[in-house]
Amino acid sequence: MAARISTQDNSLTEIDIMENEFALNRETGSESPVFIHEGFSVDTALKDIEAMIEANDTPRPNKISAPYEVPQFPIEQIEDKLTFHRHLSVLAVERTSRFEPSETCLDDEDTKGFEVDETDSVPHYQRVFISGEESTRMPVEDISKSSKLLIEALRLREKYMAWAVQSFPSVTARFLREAGMEDPMGQGLRYAGACSDPKSLEDHPIDPPRKEVSPWKTDVPENCGYQFHMLDGVFQIYPNDEAVQRNEPLPYNYPDLSRYIQDMNLLCALIANGPVKSFCYRRLQYLSSKFQLHVLLNEMRELAAQKAVPHRDFYNIRKVDTHIHAASCMNQKHLLRFIKKAVKTQPDEIVCCNKGEKMSLAQVFASMNLTAYDLSVDMLDVHADRNTFHRFDKFNAKYNPVGESRLREAFLKTDNYLNGRYFGHIIKEVMFDLEEGKYQNAELRLSVYGKSADEWDKLARWAVKHNVHSENVRWLIQVPRL
């Protein structure tokens, strides 16, 4: 690039300037032109910038490596990332001043004289504050009606949860009190499960010791004299015979049929209300976006706080499987392996009685034209796939291995010809696997249909005889609505 520079003492032509530029390029070995200005040089400026960078102890920017050289960018990025993670981990562990107490259900008056433990803290995350008026693009009348309906729905939820002796969020309850709604539990009463004073590890040990006594031995309390009678489809409890004559049942709150139908109709109308759906949709979108913003701001801090917890990861935290039917607590491979083993080791075992004729396990398989070798996971067909969604008829059919109700009766029933021996054995194998995992727990369900008066006795006899007890399993008895 040629430039015309002139002074009072001397003047240079364009040809002289170009010759000077080419001579400077030959000396530096650069093919790029050098910009000459009075008192300024690009090389001098670059040297000044490099000196400033070194003085500030700032790493120099990487130069693009040639194609035949090993690139250095990924290694340096990994090192920077590891250094950043170590820095955050040190902050999460050492700088306790950056921690703040976690939110509890206690009121301000209850927190007086309450010492907060350091382990009861959460990292001080970056907070998001949105100022100004919130624009919902809805008329004021619709917002007012929607707010009243939502407050009424929250009041109904609080009332029914209080009657069921369940916990309710304290923040929501406080806002309902400020809105003028009465406390369904009365003044001074706490919800079940509400946050109370912190307990020591002795009160709730992490690894409770195993019980040395038999889990089936229990002291049956004496008869307290309580009486119960049904009134309009609801059982009423009376403390004694005199209370029955005076018709003074215990004051347990419950909704009568007319009140329940009225509340249900209100919720159905609220669900179908257009302004309420619009308001809730926009509010949920706003909260979702706000959460995403929180993740963007505090993702690294949450990850560092999670890594700072000692001796805990996904594989050694308690995991609980709830609402597991006992007949489906094992996986397909486990059930297949158990059935094959039973057919090979006990083929002459009488397992069912079909039309007055007793049949052994080998005869049952012979009637199906099957052998233990022919069985496979696909043939059992006990996996609930996508075709069973909202199809409870197909879902219940999956409980029959190979589509045979006789195999279900023999292997997955507590009350059968073998008194549930096979079922008890496979349940104990599942319990053994849970105990080996140590941190896995399950809630297994069994059904009582109400067909006979001795169902509870038979179920209890099966449980005690086969000792289906484990510290990792809790049992739940359900009554189907069929």
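Asn467 lies in the loop between α15 and β11, where helices (H or I, at least four residues) and strands (E, at least two) are DSSP runs numbered from the N terminus. The model is predicted, so that local features need pLDDT of at least 70 and side-chain atom pairs count only at pLDDT 80 or more, whereas totals for chains, interfaces and linings use all residues. Residues are numbered from 1 along each chain as its sequence is written, and side-chain values use heavy atoms, with hydrogens and water left out. Although Asn467 is not a glycine, its phi is positive, at about 55 degrees. With a relative accessibility of 36%, Asn467 counts as partly exposed; the classes are buried (under 20% relative accessible area), exposed (over 50%) and partly exposed (in between), for a 1.4 Å probe and protein chains only.

Glu455, Leu459, Trp462, Ala463 and His466 are buried in α15. These residues cover an arc of only 95 degrees around the axis and therefore fall on the same side of α15, the arc being that of the directions from the helix axis to the C-beta atoms. Trp456, Arg461 and Lys465 are exposed on the other side of α15. The buried residues of α15 pack against α14 (421-437), β10 and β11, with contact defined as heavy atoms within 4.5 Å.

Strands β10 and β11 belong to an open sheet of three strands, in the order β7-β10-β11 and with parallel pairing. The edge strands, β7 (319-325) and β11 (473-478), each pair on one side only. Strand β10 (residues 440-447) is joined to β11 in the parallel sense by six bridges; pairing requires that DSSP find at least two bridges between two strands. Glu443 has Arg474 in β11 as its bridge partner.

Val165 is located in the loop between α4 (140-163) and α5 (170-178) and is exposed, with a relative accessible area of 59%.

The disulfide count is zero under the criterion of a pair of cysteine sulfur atoms within 2.5 Å. The sulfur of Cys352 is 7.5 Å from the closest cysteine sulfur, that of Cys353, which is too far for a bond. Cys352 is buried, at 3% relative accessible area.
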